[in-house]
Each structure stands twice: as structure tokens, then as C-alpha cells.
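Subject: Structure handover

Hello,

Here is the structure we talked about. Please open it alongside this note; what I found follows below.

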Amino acid sequence: MISRRQFVGTTALVASGGMSTLAEQKQAMNRPVVISTWRHGLAANEAAWKILYKGGRALDAVEAGVCVSESDPNVSSVGVGGLPDASGEVTLDACIMGGNGDCGSVAYLKDIEHPISVARMVMEKTPHVMMVGEGAKQFALANGMKEKKLLTPSATDEWKKWKSEHPDAIKHREINIENHDTIGLVAIDAAGNLSGACTTSGLAWKLPGRVGDSPIIGAGLYVDNEVGAASATGVGEAVIRAVGSFLVVELMRQGNSPQDACRLATERVIEKNPDWREFQVGFIAINKLGQVGGYCIQPDFDYAVHDKQSGNRMVKAPSRLPAK
Ligand code: SD4
């Protein structure tokens, strides 16, 4: 029997897609689909697609996808290539979520290449949702992860340069608006199950101990199997104030398309952050039909989409501010 929640979700989707019958809705379904933030999302999508096109689970696909970015030394906001905090230490944040409220998260994690896999272990092997710092690291090591030095030579050079130019004051928002290419990746599999993953080294030169939106369920990532999934990129403090990804999913539940939900959530971020013109926030979203969307404040955000019809490609997100 269809639950009231399922009925409401389905009705909203039919309304948002302009479809009148469930048969029409089924025909319009685009599954599987994976989408992810920024250009490095293309490689992440490839890895996720290898699992999705064979009928694999969205949860496995999202983890495999973002692991590619975490291992890439050229991606300077995620994993091994991540830029450090103000003291020169790389600290990582990540979370993962399945469609039924199942989620796990790690924050302020050091010396581990794949925080997303630790987040998944928190979800699957503990009664907890979130682990941080040394406790999270010891948990990872006890569960088979290897310790690894994360600061690359080029990240060290960049940090030294920044340090010499900013010997005293740390104003992290001012100095970090260029550094925002966290990977958020959300997918729907052939069976119609949704999952998402989000992983980052956070804002470069952040105050030691700072944690952003990316490992916070509801802020950097949210998934509801009956509605859709969303992830955020950009200045985490601004996203947290609006509980951004949860808001995108709730806006889809109310009948908005993924595109409109991302736009409306960005408007909420703008309302909650008077200095919104000074920084970037972007959202991506996917709904139960496999429709996707994205929206951002500054006009420089694009996301990668991989589906059967069109393969893997970049899509430029519409922005609140026009190109300069
Ligand atoms: C954070 N949202 O830690 C992250 C930063 C980032 O794309 O790069 N996002 O605030």
C-alpha cells in the first residue's frame, strides 16, 4: 500500500514535471543518473557510472565517484591535494547518505586519504552519525585505513606563499572565496534509489579546528528516497545558516523542479547572509525522476551530469549575479 508520504511525494513530482499520470511519469524517468560539482566531477561521474550502468547501487557509486577526487593530487580542495589550514595542516570533512535516512560523517580528519569511506564506516559499523578529529582517525585506522601524509609539495608552496603575505591576521572569508571546489555527488540508480556523498579539505587557510557545511547532514548534503537529493558547494558558513541541502530537498518535496529548488534555496542563503555578493554558494539536485538542476550566486559554477542519453558532460549553472 502506498504511504501518505509516498503519495504526497509522487503527487508533487507529477505536478513539477507537468505530468498527469503515473504511466507518463514512469516513461519520463531518466535512470540511472549521476551529477557532481565542478569540472573534477567528470572523472568522479565516470567512476560512479561504471557501477550505475551495470545496475549497481547508488550508495556504492557515490562513494567510488568521490574517491577519485580524494586521490587526485591536482584537486586542491579535496583529499590528498587539499590546501591546508592556517597552521599548514590538511584536515578533511566528508559525509555520505543513502535514501532512507542512513548517513555517516567525519570532520577534522587528518592523514587519511579517503574520508568518505570512513564516513561510510561510521554509518555502517557504528550507532553514530558523526565522528571528528583524533577519534575519527583512530576509528579509521582500526578499520583498516592506512595513515598517509596529505600535504602535497604544491600545497606546501601555496601555503608558504599565503603565510608570507598574511603574517598576522586571519580573516578566512575574505581570503578564501576563490577556494571552493568541494565535490558533492548525488545519484539515482536503475532501481530508483538515491544516495549522495560530499567531501572536502574545506576552505583553504581556514582557522585550525574550523568545520564547514560539507560533513553536516542537511547542510552540505541531504537525500530522501521519496523525493530527491542535493549537495552544496561554496562558503560553508553561509550554507549552514540556511541548512541548504535539506532545504533544496524540501523545496522539491513541495513540487519544485530540481532547478527551481536550487534557485529558491540560493535565495534563502542570500536572505540569511547580508554579504552574499562577496562569496560563492552553489547547489546541485536530482529528483526521483532523474531530473537534475543547479544554481549559484556567482556566475562561475558548473556541474557534471552523466546519464544514458547524453553521456558525461558539463552544465553551466545559472547564477543570481550576472557575469562581470
Ligand atoms: C566548506 N563548502 O568547507 C566547503 C568549501 C568548499 O566547495 O570548497 N566548497 O565550506
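Is V211 buried, partly exposed or exposed? V211 is partly exposed, because its relative accessible area is 29%. The cut-offs are these: buried is under 20% relative accessible area, exposed is over 50%, and partly exposed is in between, using a 1.4 Å probe and protein chains only.

Some ground rules. This is a predicted model, in which local features need pLDDT of at least 70 and side-chain atom pairs count only at pLDDT 80 or more, while totals for chains, interfaces and linings use all residues. Residues are numbered from 1 along each chain as its sequence is written, and side-chain values use heavy atoms, with hydrogens and water left out.

**The ligand site**

V211 sits in the loop between β6 (194-200) and β7 (221-224). Strands are DSSP runs of E with at least two residues, helices are runs of H or I with at least four, and both are numbered from the N terminus. Beyond its neighbours within four places in sequence, V211 is in contact (heavy atoms within 4.5 Å) with D93, A107 and Y108.

An unreviewed UniProt entry lists R210, V211, G212, D213, T233, G234, V235 and G236 under "binding site". Those positions are in the numbering used here, feature names are shortened, and annotations may be inferred rather than shown by experiment.

In the model, 14 residues lie around the ligand, and T182, R210, D213, T233 and G234 come nearest. Near means a heavy atom within 4 Å. By class, the shell has 2 nonpolar, 9 polar and 3 charged residues. Here Ala, Val, Leu, Ile, Met, Phe, Trp, Tyr, Cys and Pro count as nonpolar, Asp, Glu, Lys and Arg as charged, and the others, Gly among them, as polar.

Now the ligand's oxygen distances:
- T233: 2.3 Å to an N or O atom in its side chain.
- R210: 2.7 Å to an N or O atom in its side chain.
- G236: 2.8 Å to a polar backbone atom.

Taken alone, the ligand exposes 280 Å², and the protein buries 100% of that. Areas come from the Shrake-Rupley method with a 1.4 Å probe; for residues, only the protein chains shown count as cover.

T233 belongs to strand β8 (residues 228-234). T233 counts as buried because its relative accessible area is 1%. Its side chain also makes a polar contact with the side chain of W38, at 2.8 Å. A polar contact is a pair of N or O atoms within 3.5 Å; within protein, one must be able to donate a hydrogen and the other to accept it, and residues adjacent in sequence count only if both atoms are side-chain atoms.

Why is helix α5 (residues 115-125) largely enclosed by the rest of the structure? Because 9 of its 11 residues are buried. Among them are S117, V118, R120 and M121. The buried residues pack against α4, β2 (92-97), β3 (103-109), β4 (130-132), α6 (133-142) and β6.

E63 is in helix α4 (residues 58-71). E63 is buried, at 16% relative accessible area. Its side chain makes a polar contact with the side chain of S117, at 2.7 Å. Away from its sequence neighbours within four places, E63 is in contact with I96, I116, S117 and R120.

A140 is in helix α6. A140 is buried, at 0% relative accessibility. Outside four places in sequence, A140 is in contact with I112, V118, M121 and M145. The C-alpha atoms of A140 and S117 are separated by 8.8 Å, with the residues 23 apart along the chain.

Best wishes
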